[in-house]
Amino acid sequence: MQYMNRIHIIFFNLLTVGCVVTTHADNITFADAKVKALCVANWDVNKDGELSEDEAAAVASLGEVFRDKTDIGGFPELKFFSGLTTIDRNAFRGSSIGPEIIVPGNVKRLEPYCFYSCKQLNRIILEEGVEYIGYQAISGPVEFLFIPASVSNIAAMAINPYVNARPGTGVFVPEGDLTVQVNAIEPPTIEDYTFYYVYGEAHLIV
């Protein structure tokens, strides 16, 4: 009987070790619990309550999952969504995403209104590979915008760093200065009124 118990104990220990070895080491650790909950609810394919790097890489579109979500924070995990080629129209519109967003280089286009009225968004860094910034794509109290050399076109009224409109006037109130750094020898093509809504002091570094 003692010999059998010892066998059972050894077998149990082997099972325990096996469980440790087979855990998913590639599960993403999220900075914000609400962002994680949205990602898991929409893209957790194996239904384990986590989002792995492979599951994130398989996402082809964010859609409007984050639109108008005013209880979310940072989303540095966007870098794992390597299958994205666009940030969809209205993707983060009206959300509290921020204070910084880094758009990875696999994303080629920021579609219109993708970061529209994001009132917590202060810094936007576009990595090399992004090519296009759409109409009203960036709208919020943005103080710093990094544009890589790969950006070839910026649409009309693409950059709109306001906070709120004065009630009944339609006049937007800027907050702080805006610095736009363009990392290109040949600057991108801009359309009419690209910086139309820039009311405060702006610094353009090329």
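How many bridges join strand 4 to strand 7? There are 3 bridges between strand 4 and strand 7 (residues 144–148), and the two run parallel. Welcome to this structure, which is a predicted model: local features need pLDDT of at least 70, side-chain atom pairs count only at pLDDT 80 or more, and totals for chains, interfaces and linings use all residues. Residues are numbered from 1 along each chain as its sequence is written, and side-chain values use heavy atoms, with hydrogens and water left out.

**The chain as a whole**

- The secondary structure comes to 3 helices and 14 strands; helices (H or I, at least four residues) and strands (E, at least two) are DSSP runs, numbered from the N terminus.
- The average pLDDT of the chain is 83, and 77% of the residues score at least 70; pLDDT is the predictor's confidence in each residue, from 0 to 100.
- Over residues 1–23 the pLDDT stays under 50, and the model has 0 contacts beyond four places in sequence for them; a contact means heavy atoms within 4.5 Å.
- Among contacts between residues at least 6 apart in sequence, 47% join residues at least 24 apart.
- The chain has 206 residues, of which 44% count as buried. Buried means under 20% relative accessible area, exposed over 50%, and partly exposed in between (1.4 Å probe, protein chains only).

- Two strands pair if DSSP finds at least two bridges between them.
- Strand 2 (residues 100–103) pairs with strand 4 (residues 123–126) in the parallel sense, over 4 bridges. Here E100 stands opposite R123 of strand 4.
- R123 also has a bridge partner in strand 7, namely F144. Further along, I125 stands opposite F146 of strand 7.
- Strand 7 is joined by 5 bridges to strand 12 (residues 178–183), and these two run parallel. In this pairing, F146 faces Q181 of strand 12.
- Strand 7 is mostly covered, with 5 of its 5 residues buried. F144, F146 and P148 point one way from the strand, while L145 and I147 point the other way.

- Another group of 5 strands forms an open sheet in the order 1-3-5-8-13, with parallel pairing.
- Strand 1 (86–87) and strand 13 (189–190) stand at the edges of this sheet; each has a single partner strand, so one side of each is left without a neighbour in the sheet.
- Within the sheet, strand 3 (residues 109–110) and strand 5 (residues 132–133) pair in the parallel sense over 2 bridges. The bridge partner of R109 in strand 5 is Y132.

**Aromatic rings**

- A pair of aromatic rings is described by the distance of the centres and the angle of the planes. Rings of Phe, Tyr and Trp (its six-membered ring) pair if their centres lie within 6.5 Å; planes under 30 degrees apart count as stacked, over 60 as edge-to-face and the rest as tilted.
- By this rule the count comes to 9 aromatic pairs. One of them is W43 with F81, an edge-to-face pair at 5.7 Å centre to centre and 75 degrees between the planes.
- W43 lies in helix 2 (residues 33–43) and F81 in the loop between helix 3 (53–57) and strand 1, so the pair ties together parts that are 38 residues apart in sequence.
- W43 counts as buried because its relative accessibility is 13%, and F81 counts as buried at 0%.
- Y113 and Y116 have ring centres 5.2 Å apart and planes at 75 degrees, so this pair is edge-to-face. Both Y113 and Y116 are buried.
- A cluster of W43, F66, F75, F81, F92 and F115 is linked by ring pairs.

**Around Y113**

- R93 lies over the face of Y113, at 4.8 Å from the ring centre. A charge sits over a ring if NZ of Lys or CZ of Arg is within 6 Å of the ring centre and within 35 degrees of the ring normal.
- N90 lies in the loop between strand 1 and strand 2, and N90 counts as buried at 8% relative accessibility.
- Leaving aside its neighbours within four places in sequence, N90 is in contact with E64, R67, P112, Y113 and C114.

**Cysteines**

- A search of the whole structure finds 0 disulfides; a disulfide is a pair of cysteine sulfur atoms within 2.5 Å.
- For C118, the nearest cysteine sulfur is that of C114, 8.1 Å away.
- C118 counts as buried at 0% relative accessibility, and C39 counts as buried at 0% relative accessibility.
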